[in-house]
Amino acid sequence: MINQTKTVAFHTLGCKLNFSETSTIARNLKDHGYQKVEFTDPANVYVINTCSVTANADRECRTIVKNALKANPDGFVVVVGCYAQLKPEEIAQMEGVDLVLGAAEKFNVAQYLENLNKQEEAIIHSCEIEEADFYVGSYSIGDRTRAFLKVQDGCDYKCTYCTIPLARGISRSDTMENVLKNAREIAEKGIKEIVLTGVNIGDYGKGEFGNKKHEHTFLELVQELDKVENIDRIRISSIEPNLLKNETIDFVSKSERFVPHFHIPLQSGSDDILKKMKRRYLSNLYEDRVAKIREVLPNACIGVDVIVGFPGETEELFLETYNFLNKLPISYLHVFTYSERDNTEAIDFEGVVEPAERKRRNKMLRILSEKKRQAFYQTQLGSTQKVLWEHDNKEGKMFGFTENYVKVQTDFDLSLVNQTQYVELVRINHNGNVEIKVKEPILS
């Protein structure tokens, strides 16, 4: 032990859901007498929350473990998260790791921390994923202008490239009552924006009371959250196109709190590839979703996830995706390069795309994404928008986002942090951000 006060530091990899869960683990450890410190500080315990989506999960994890031990060679290193559930033995072999916790155990880190001496061999506590059938509500707070509020976990879909059902288990939801309680707690802390997160949030309501029935729908969740006072904005994170219903889009278009920003996974613009991926829609449904959003929310920001280099994606099929996205009125892309995953169907598919070709396709779509983003920003110039300012100070500049997710910048001013303000969008600068002119002083 390095001092009398027990200290803990956290590092989170991956998605918004992981950030919300890290915060919940942190609050639990605080209740057990741990003081949170920076990851670069000497700490008694280091908790690393991992992700399985990136191809180099193994390398990332090793690097972060080394960083922890640089800060304190005697630090007790705990690895949790999706990678820890999928490959606990692999992590346990890493030098410096003391404890590996699976999907069911990660929310009870404190009970495994009775002895903080470095272990000769890492201890593994990891359930069979079938046992991860309970729900732990969580939200992140305190380190951002916005809070990530988890409403759902797990997934019942069987996409042929994906390990998330293996890492997180079946689809299950928080109760409506608990989601609303967490949202009110966030509001009381003065946080202005909530981002709804989950593995498959459009499936909200399934397993809400431990069964497979839908007690509530995602639309009902949105309608109830809209009534929570003292939250300026609520943002829907990634939602499957087949689960984003017209009624939800219509409700968002009239809402005071839900912002005009949707992030909708596509994965491929080729119906042949979508079928091989076992996605639950084809490209025409996706096109319909985008058209509906543009009809009722012409200035909405629409983000898209897409995977390149899936087995069987010929150059012709890739260009089908490229051309589909090029003509679609969307705002930006998140581009993922397909990588082989153990225990998935796709790992045995024929038509493997060479790594160099995957990389080339990724670059083509990232260039397209930048063009789409700039074109979207261009359409917003001259408009007056409400901006929420963030706390980062980068070389004297601060940044914020409009409700429809345009990134803006101005000279750093501490009094603006976590405040909203009406501004006019003036020009796009060389960094790709939008410069502004203040229309009204601080609103809140």
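A nonpolar core is a set of buried Ala, Val, Leu, Ile, Met, Phe, Trp, Tyr and Cys residues joined through side-chain atoms within 4.5 Å. In this predicted model, the largest such core holds 52 residues, and the members that touch the most others are Leu225 and Leu365. Helix α6, spanning residues 176-188, gives the most to this core, with six residues. A second, separate core has 23 residues, including Ile48, Val65, Val77 and Val100.

Leaving aside residues up to four places away in sequence, leucine 365 touches Val306, Val308, Phe318, Tyr322, Leu325, Leu333 and Val335. Leu365 also takes part in the contact between helices α11 and α12. Helix α11 covers residues 315-327 and helix α12 residues 355-380; the two pack at an angle of about 10 degrees, with their axes 11 Å apart. Because angles under 35 degrees count as roughly parallel, α11 is roughly parallel to α12. On the α11 side, the contact includes Glu315, Phe318 and Tyr322, while Arg360, Met364 and Leu368 are among the α12 residues that they and their neighbours meet. Six of the contact residues are nonpolar, six are charged and one is polar.

Strand β18 (residues 420-428) runs antiparallel to β19, with five bridges between them, and valine 423 stands opposite valine 438 in β19. The hairpin of β18 and β19 has five residues between the strands, and in this hairpin glycine 432 takes a positive phi near 90 degrees.

Key
Residues are numbered from 1 along each chain as its sequence is written. This is a predicted model: local features need pLDDT of at least 70, side-chain atom pairs count only at pLDDT 80 or more; totals for chains, interfaces and linings use all residues. Side-chain values use heavy atoms; hydrogens and water are left out. Axes are lines fitted to C-alpha atoms, for helices over the stretch in contact, and angles run from 0 to 180 degrees between N-to-C directions. Helices (H or I, at least four residues) and strands (E, at least two) are DSSP runs, numbered from the N terminus. Angles under 35 degrees count as roughly parallel, over 145 as roughly antiparallel, 65 to 115 as roughly perpendicular and the rest as oblique. Contact means heavy atoms within 4.5 Å. Ala, Val, Leu, Ile, Met, Phe, Trp, Tyr, Cys and Pro count as nonpolar, Asp, Glu, Lys and Arg as charged, and the others, Gly among them, as polar. Two strands pair if DSSP finds at least two bridges between them. Buried means under 20% relative accessible area, exposed over 50%, partly exposed in between (1.4 Å probe, protein chains only).
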